[in-house]
Amino acid sequence: MSVITDEPAVRKGRWIEKWEPEDPGFWARTGKRTAWRNLGFSILAEHLGFNVWILMSIVVVSLGDAGFAFSVGQTFWLLILPNLIGAALRVPYTFAVPKFGGRAWTTISAGLLTIPCTMLLIAVTTEAPYWFFLLTAGAMGFGGGNFSSSMANISFFFPEGKKGLALGLNAAGGNLGVAVTQLFVPIVISLGTGIQLAYAALMWMPVILIAALCSWFFMDSLTQARPDGTSYKLAMYSKHTWIMSLLYIGTFGSFIGFSFAFPSLIKISFVEFENFVALAFLGALIGSITRPFGGWLADRIGGARITLLNFVGMAIGTVGVLVGVAQQSFALFFGSFILLFVLTGIGNGSTYRMIPMIFSANARSRASETGEDLGELMTSAKRQAAAVVGVAGAIGAFGGVLVNLVFKFSLEGESKSLTSALNAFLAFYGVCVATTWWFYLRRSFAIARVPSLAYAGV
């Protein structure tokens, strides 16, 4: 006689066969506990990824004091390269989850972080040439890839009504790595006499080992996340994949691009306030904290509404930075940048919440129109949304590369100021406002093209 149980079926390698988070009984008895355990260790590994990914933003500020004489252009390439590599890695990292499983891939991706830390240790203790610093900066991109695989993995664990908060917490835990690095690394490298850049590498190694071990022993993989041969392909053909990627350039691209550049921008644009570089971590900290709030608001008010208002606010914040630079008002410059960080966090949460809502709404609409099985369509929608989470994360991170390239060219131009860069950002936020309204808030479009969107709170 068989015994009926709600316990997830686990096979060798800690793959869970049965996973039904939309079933209230399953969720209350076993699903919730398992999902939150995986989320906790996912946050730890992703947090360390951001710690390492952003590390060069602090190292470059202190290179001169440590005896390395690099130009402004060389310095910005050290900021651009980890962003570029991290963005590129987000696509294969996303598809590594269905291939290897969330548990195994989180372990591997965490372990890879030891490579850039080791390279940084060698670079700063052997007076390495600039090309080796470039290689080190590129290796730090391993940390940037972690985000997409972590988000894609966690998206499968939670029911639709709780994904906004779960994805927001997961992303915020990772984003906080930026603030933690920018706060603690300057303190650690100042211990003892002079600047000890080797400590910036050594401080992360034991924590990385702990995170990798915890991922292996305490996380799970879901067979539901395995590709079905069509869902991921359908996601690539969907226009929503590329629309949401554009919007994510505006939110996450701004967040990570500003995070990389903010310490250097303070030092370059306001020399007399150089000591305030130590406060640069506040931007990333506040932007990280507000990310879950953006997901929470999207759950209740609608992701598109929050996203549109958010881009309007970012345009206002950019104007504030422009005025601060023009009037050489550090208070206005710093305050406006903090506002931008707050809004990038909220926007990150709201845009990512839109993704599963859009694809689940499409599934319901198709089921009602064609009579196809809703359960199968919803399973496919989850796989499509997971793929889009990774693709949008990659393209959004490339936005961070563009942000730093725009800063570089603006500062190296004839005016040698931030004005050209800020005007470019202002124009782009205007494009994002128009795009959000056109595709997701025009009622005539929503009803005609994606009927369920008009009622799904997107």
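A: A residue counts as buried when its relative accessible area is under 20%. In this predicted model, Asn-146 has a relative accessible area of 3%, so Asn-146 is buried. Asn-146 belongs to helix 7, which covers residues 142–155. Leaving aside residues up to four places away in sequence, Asn-146 touches Ala-45, Gly-49, Tyr-93, Ser-109 and Leu-113. Gly-164 is 18 residues from Asn-146 in sequence, and their C-alpha atoms are 19 Å apart in space.

Now the helix pair. Two packed helices are described by the angle between their axes and the distance between the axes. Helix 3 (residues 72–100) packs with helix 12 (residues 239–269) at an angle of about 165 degrees, and their axes are 12 Å apart. Because angles over 145 degrees count as roughly antiparallel, helix 3 is roughly antiparallel to helix 12. The crossing of helix 3 and helix 12 is right-handed. Helix 3 contributes Val-72, Phe-76, Leu-79, Pro-82, Asn-83 and Arg-90 to the contact, while helix 12 contributes Phe-252, Ile-256, Gly-257, Phe-260, Ser-264, Leu-265 and Ile-268. Of the residues in this contact, nine are nonpolar, three polar and one charged.

Zero disulfides are found in a search of the whole structure. For Cys-214, the closest cysteine sulfur is that of Cys-117, 17 Å away and therefore too far for a bond. Cys-214 counts as buried at 16% relative accessibility, and Cys-432 counts as buried at 0%.

Methods: Residues numbered from 1 in each chain as written. Predicted model: local features only at pLDDT ≥ 70, side-chain atom pairs only at ≥ 80, totals over all residues. Heavy atoms only, no water. Axes fitted to C-alpha atoms, helices over the stretch in contact; angles between N-to-C directions. Helix = DSSP H or I, 4+ residues; strand = E, 2+ residues; numbered from the N terminus. Parallel < 35°, antiparallel > 145°, perpendicular 65-115°, else oblique. Left-handed = near helix turned anticlockwise from the far one by under 90°. Contact = heavy atoms within 4.5 Å. Nonpolar A, V, L, I, M, F, W, Y, C, P; charged D, E, K, R; others polar. Disulfide = S-S within 2.5 Å. Buried < 20%, exposed > 50% of the residue type's maximum accessible area, 1.4 Å probe, protein only.
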